[in-house]
Amino acid sequence: MPSPYSSDDLGRIFDARTLTRGRSLALLGAVEVMLEPGAVAVSVEQLGQRYTGRIAPLARGNRVVFSTDCSCGQPNCAHLAAGALAALDRFPALRKVEQKNFLETLAIPATTTEPQKLVFELSAAPLPAACAVTTLLV
């Protein structure tokens with residue numbers, strides 16, 4: 001089984017445009033993925049051509065590094081991005097456990113008798129922004 005990874009990990013090796021093209025290929029159903037020992041085998045149909053590749057995620061401490069190869073000859077191409085995203089969708093065991101968000105990690109002491117609430121303040125902002133949102137824990 002390959003090392004678990006997240007879409008954030010993919011954002012470190014694929015640029016935003018490549019990930020968008022990969023998502024489009026995956027949503028079109030043009031992607032087939034299979035698990036291999038330590039890697040994901042990828043097959044993508046695009047414009048009448050079949051591209052095959054392999055993406056191997058490997059955990060290195062808190063980060064994940066990827067070894068990639070595709071028959072199109074391009075490093076970190078949309079075919080591999082599509083396969084990596086499709087594999088996350090098809091094989092839940094590949095999904096890396098994500099860190100909890102800030103609000104979930106707030107620890108409210110048991111001795112606090114006063115209730116706390118989260119307040120969102122919306123105000124006008126200078127151009128080019130339309131507004132600003134400020135959050136307060138009261």
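**Strands, a pocket and the cysteines of a predicted model**

Cys131 counts as partly exposed, with a relative accessibility of 41%; here, buried means under 20% relative accessible area, exposed means over 50%, and partly exposed lies in between (1.4 Å probe, protein chains only). The model is predicted, so local features need pLDDT of at least 70 and side-chain atom pairs count only at pLDDT 80 or more, while totals for chains, interfaces and linings use all residues. Residues are numbered from 1 along each chain as its sequence is written, and side-chain values use heavy atoms, with hydrogens and water left out.

Cys72 is partly exposed, at a relative accessible area of 24%. A disulfide is a covalent bond between the sulfur atoms of two cysteines; in the search it is a pair of cysteine sulfur atoms within 2.5 Å. Across the whole structure, zero disulfides are found. Cys72 is in none, and its nearest cysteine sulfur, which belongs to Cys77, is 3.6 Å away.

The strands come next. Helices (H or I, at least four residues) and strands (E, at least two) are DSSP runs, numbered from the N terminus, and two strands pair if DSSP finds at least two bridges between them. Strand β1 (residues 31-36) runs antiparallel to β2, and six bridges join them. Within this pairing, Val33 stands opposite Val42 of β2. The two strands form a hairpin with two residues between them, and Gly38 in the turn has a positive phi of about 80 degrees.

Glu45 has Arg50 in β3 as its bridge partner. Two residues lie between β2 and β3, and Leu47 in this turn has a positive phi of about 50 degrees. Seven of the eight residues of β2 (residues 39-46) are buried, so this strand is largely enclosed by the rest of the structure.

Finally, there is the largest pocket, with a volume of about 210 Å³. Its lining includes Arg23, Leu27, Val33, Leu85 and Asp89. Two or more lining residues come from each of α2 (16-27), β1 and α3 (78-90), and α3 gives the largest share, four residues. By type, the lining holds six nonpolar, no polar and four charged residues.

A pocket is an open set of points on a 1 Å grid over the protein atoms alone, where a 1.4 Å probe fits, with protein on both sides within 12 Å along at least five of seven lines; lining residues have an atom within 4 Å of a point. Grid points are joined across faces, edges and corners, and a volume is the space filled by probe spheres set on the points. Ala, Val, Leu, Ile, Met, Phe, Trp, Tyr, Cys and Pro count as nonpolar, Asp, Glu, Lys and Arg as charged, and the others, Gly among them, as polar.
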